Structure formats: structure tokens, C-alpha cells
Amino acid sequence: SQLAMASDPRPSLDLTRAELGLPALKRQFPHLEADALAVFLDAAEGAALSDDALAALTEMEHDVATGKENQFGHLPTRGCKVQRNKAATLEVIFEGGGSPPHVGTVLHMTGLQEFQPSDAKGLRAGVVLPSGEVLALRIGEPTSFLLEDFGMHELRVATGDGDQMVERCW
């Protein structure tokens, strides 16, 4: 009923207020320097990053992370897959069991592209931090995210047109 919806204590699932700038990019590409990320943001001139820019950042992140393996400054990673469960709701399956990931871990999420229409435009995913701030996620394969905050996080994925179908999990 209307009353139940109005008293729902959960925040809106709206992704339009998600942080798109440097704080979000630094979490998604944690091995890259802020100056390098700023170059891509400046080139976008306030618009969303192009597919080519996202591909370049993903490749750069992979190269730098691979170069730091077994060295100081390399961040631990943990894979996870976003999928639908038997109840048809989204869930995240973590590699190595169901325990939550540790602070300082980079999550490598797969499966997000499966929920995106081929003609999808605009922001399609975000992570809500324990503070309530929403950081945008640019979807790639994999989509990475650095956990820096202790507490519950929430993954929001737009699975339909516009903001009509934004689902949450994690």
C-alpha cells in the first residue's frame, strides 16, 4: 500500500545522484594514479566516459595491478558473480565462500553485463557505501571496486529501462 511505501526506511534506489567523478573512479581503478584518472574525466568534459575511455582505463588498471603482484602496494582481490537466484532476485556469489570481503580488497565482479540491454544508456550500476553515499560503477568485464569502508555495502543495478527497474543486493 501507499502507507507502507512511504514509511520504507530504505533509501531510494535512484542512481541519478551517484558520484561520477574522481572518488568513484579511484574506487573502480584503485591501482591508477589520481592524475591519470583526472585526464580521462577532463577529456569527458562532464559527460559519461566513452566506451573507449573505459576500455583504456580497464587495460591500464590490469597492467598496473599485474605489474605490482607480489610487491608492496598490490591490493588483494576477490572475485564475485552477480546473478539471479531461484527467487529471481539479484545476489552476489563470492569466491571462497559466503563470508563478506575484507576492507582493502578489490572486488572483481562479473555478470553485470548480463542485466544490461544492448542499447543501455547512462548510469547502470552503483555501490552504496555505509555512509549512504552512492558511487557510480562503469560496467565492464570484470567491474572492479575497492572496499575502503567497514560496514554494509549495497550494489544497485539498473536491470530495466530508465530508473524503473533498479535492483539491490549484496
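The largest nonpolar core here has 21 residues, and V82, V92, M109, L112, L137, F145 and L155 touch the most other members. A nonpolar core is a set of buried Ala, Val, Leu, Ile, Met, Phe, Trp, Tyr and Cys residues joined through side-chain atoms within 4.5 Å; buried means under 20% relative accessible area, exposed over 50% and partly exposed in between, with a 1.4 Å probe and protein chains only. This is a predicted model, where local features need pLDDT of at least 70 and side-chain atom pairs count only at pLDDT 80 or more, while totals for chains, interfaces and linings use all residues. Residues are numbered from 1 along each chain as its sequence is written, and side-chain values use heavy atoms, leaving out hydrogens and water.

**The big picture**

- The protein has 4 helices and 8 strands; helices (H or I, at least four residues) and strands (E, at least two) are DSSP runs, numbered from the N terminus.
- Of the 170 residues in the protein, 38% are buried.
- The accessible surface is about 9,900 Å², with 55% of it belonging to carbon and sulfur atoms; the areas come from the Shrake-Rupley method with a 1.4 Å probe, and for residues only the protein chains shown count as cover.
- Among contacts with a separation of 6 or more, 63% are between residues 24 or more positions apart; contact means heavy atoms within 4.5 Å.

- Helix α3 (residues 34-44) and helix α4 (residues 51-67) have axes that come within 11 Å and cross at roughly 170°; axes are lines fitted to C-alpha atoms, for helices over the stretch in contact, and angles run from 0 to 180 degrees between N-to-C directions.
- So α3 and α4 are roughly antiparallel to each other (angles under 35 degrees count as roughly parallel, over 145 as roughly antiparallel, 65 to 115 as roughly perpendicular and the rest as oblique).
- On the α3 side A36, L37 and F40 make the contact, and on the α4 side A53, A56, L57 and M60 do.

- β1 and β2 run antiparallel and are joined by 5 bridges; two strands pair if DSSP finds at least two bridges between them.
- C80 has F94 in β2 as its bridge partner.
- These two strands form a hairpin with 5 residues between them, and A88 in the turn has a positive phi of about 70°.
- β1 also pairs with β3, this time in the parallel sense, over 5 bridges, and G79 has H108 in β3 as its bridge partner.
- β3 (residues 106-110) is joined to β6 by 4 bridges and the two run antiparallel, with T143 in β6 as the bridge partner of M109.
- In β6 (residues 143-146), T143 and F145 point one way, S144 and L146 point the other way, and all are buried.
- In a regular strand the side chains alternate between the two faces of the sheet.

**The open sheet**

- 4 strands make an open, antiparallel sheet in the order β5-β4-β7-β8.
- Its edge strands, β5 (134-136) and β8 (166-169), each pair on one side only.
- From one strand to the next, the twist averages 25°.
- β4 (residues 125-128) pairs with β5 over 3 bridges in the antiparallel sense, and V128 has V134 in β5 as its bridge partner.
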